[in-house]
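Reader: I'd like to go through this one label by label. Can you show me what stands behind each term?

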Amino acid sequence: MRVDNVADPVYYPNSFVDTPAADETTYVEHAVWSADGDLVRAAYTLHAEDDDFGQANQLVNAVMDESARQRLVETVSGLLAGLRRDEVRQSAFAYWRNVDAAIGTRIEAATAELRRS
């Protein structure tokens, strides 16, 4: 991790044309941070339940009821239907299928239906 001031704005270069870069003048005094202990470089020890999709899967399947899942599908598919770049849409479908295969399939079908309309 670099903590010295770099010239590249955050999230630059952006893959989208005509998008704003980070504002380098706001909160300049917070650009560098310090720690009161030793910083070490060590690998993180994974917990048995550490993965990228477990918590999201629990949210969808254990916390949400069917009406909440339907609202999730409607919200996500509504946003994805408006995207112009197919590769971004396909990446989002893959993400949601990794969270939960059924939700991913529902989101993809709902998005396709909205794009046909």
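Predicted model: local features only at pLDDT ≥ 70, side-chain atom pairs only at ≥ 80, totals over all residues.

Reader: Fine. How many helices and strands does the chain have?

Author: Four helices and zero strands. Read along the sequence, the pattern is α-α-α-α.

Reader: Let's start with α2 and α3. Why is α2 called roughly antiparallel to α3?

Author: Helix α2 covers residues 66–81 and helix α3 covers residues 86–99; their axes come within 10 Å and cross at roughly 160°. Angles over 145 degrees count as roughly antiparallel, and so α2 is roughly antiparallel to α3. As for the hand, α2 passes α3 in a right-handed crossing.

Reader: Which residues of α2 and α3 meet?

Author: From α2 you have Leu72, Val76 and Leu80, and from α3 Arg89, Ala92, Phe93 and Trp96. By class, the residues of that α2 and α3 contact are six nonpolar, no polar and one charged.

Reader: Which residues make the contact of α2 and α4?

Author: On the α2 side they are Glu66, Arg69, Gln70, Leu72, Val73, Val76, Ser77, Gly78, Leu80 and Ala81, and on the α4 side Ile103, Arg106, Ile107, Ala110, Thr111, Leu114 and Arg115. Sorted by class, the residues of the α2 and α4 contact give nine nonpolar, four polar and four charged.

Reader: That leaves α3 and α4. How do you know that they are roughly antiparallel?

Author: The axes of α3 and α4 cross at roughly 150° and come within 7 Å. With the cut-off at over 145 degrees, α3 and α4 are therefore roughly antiparallel to each other. The α3 part of the contact is Arg89, Gln90, Phe93, Trp96 and Arg97, while α4 brings Ala101, Ile103, Gly104, Thr105, Ile107, Glu108, Thr111 and Arg115. That contact of α3 with α4 has five nonpolar, four polar and four charged residues.

Reader: Thr111 turns up there. Why is threonine 111 called buried?

Author: Its relative accessibility is 1%. Buried means under 20%, so threonine 111 counts as buried. This residue lies in helix α4, residues 101–116. Leaving aside neighbours within four places in sequence, threonine 111 is in contact with Ser77, Leu80, Ala81, Arg89 and Phe93.

Reader: What about glutamate 108: why is it partly exposed?

Author: Glutamate 108, also placed in helix α4, has a relative accessible area of 29%. Buried would need under 20% and exposed over 50%, so glutamate 108 is partly exposed. With neighbours within four places in sequence left aside, glutamate 108 is in contact with Gln90, Phe93 and Arg97. The C-alpha atoms of glutamate 108 and tryptophan 96 are separated by 9.0 Å, and the two residues are twelve apart along the chain.

Reader: Now the rings. What makes the pair of tyrosine 95 and tryptophan 96 edge-to-face?

Author: A search of the whole structure finds two aromatic pairs. In the pair of tyrosine 95 and tryptophan 96, the ring centres are 5.3 Å apart and the planes are at 90°. A pair needs centres within 6.5 Å, and edge-to-face needs planes over 60 degrees apart, so the pair is edge-to-face. Phe53, Tyr95 and Trp96 form one aromatic cluster.

Reader: Are tyrosine 95 and tryptophan 96 buried or partly exposed?

Author: Tyrosine 95 has 37% relative accessibility, and so counts as partly exposed. Tryptophan 96 has a relative accessible area of 16%; buried means under 20%, so tryptophan 96 is buried.

Reader: And what percentage of the chain's residues is buried?

Author: Buried residues make up 17% of the 117 residues in the chain.

How values were computed
Residues numbered from 1 in each chain as written. Heavy atoms only, no water. Axes fitted to C-alpha atoms, helices over the stretch in contact; angles between N-to-C directions. Helix = DSSP H or I, 4+ residues; strand = E, 2+ residues; numbered from the N terminus. Parallel < 35°, antiparallel > 145°, perpendicular 65-115°, else oblique. Left-handed = near helix turned anticlockwise from the far one by under 90°. Contact = heavy atoms within 4.5 Å. Nonpolar A, V, L, I, M, F, W, Y, C, P; charged D, E, K, R; others polar. Phe/Tyr/Trp six-rings, centres within 6.5 Å; stacked < 30°, edge-to-face > 60°. Buried < 20%, exposed > 50% of the residue type's maximum accessible area, 1.4 Å probe, protein only.
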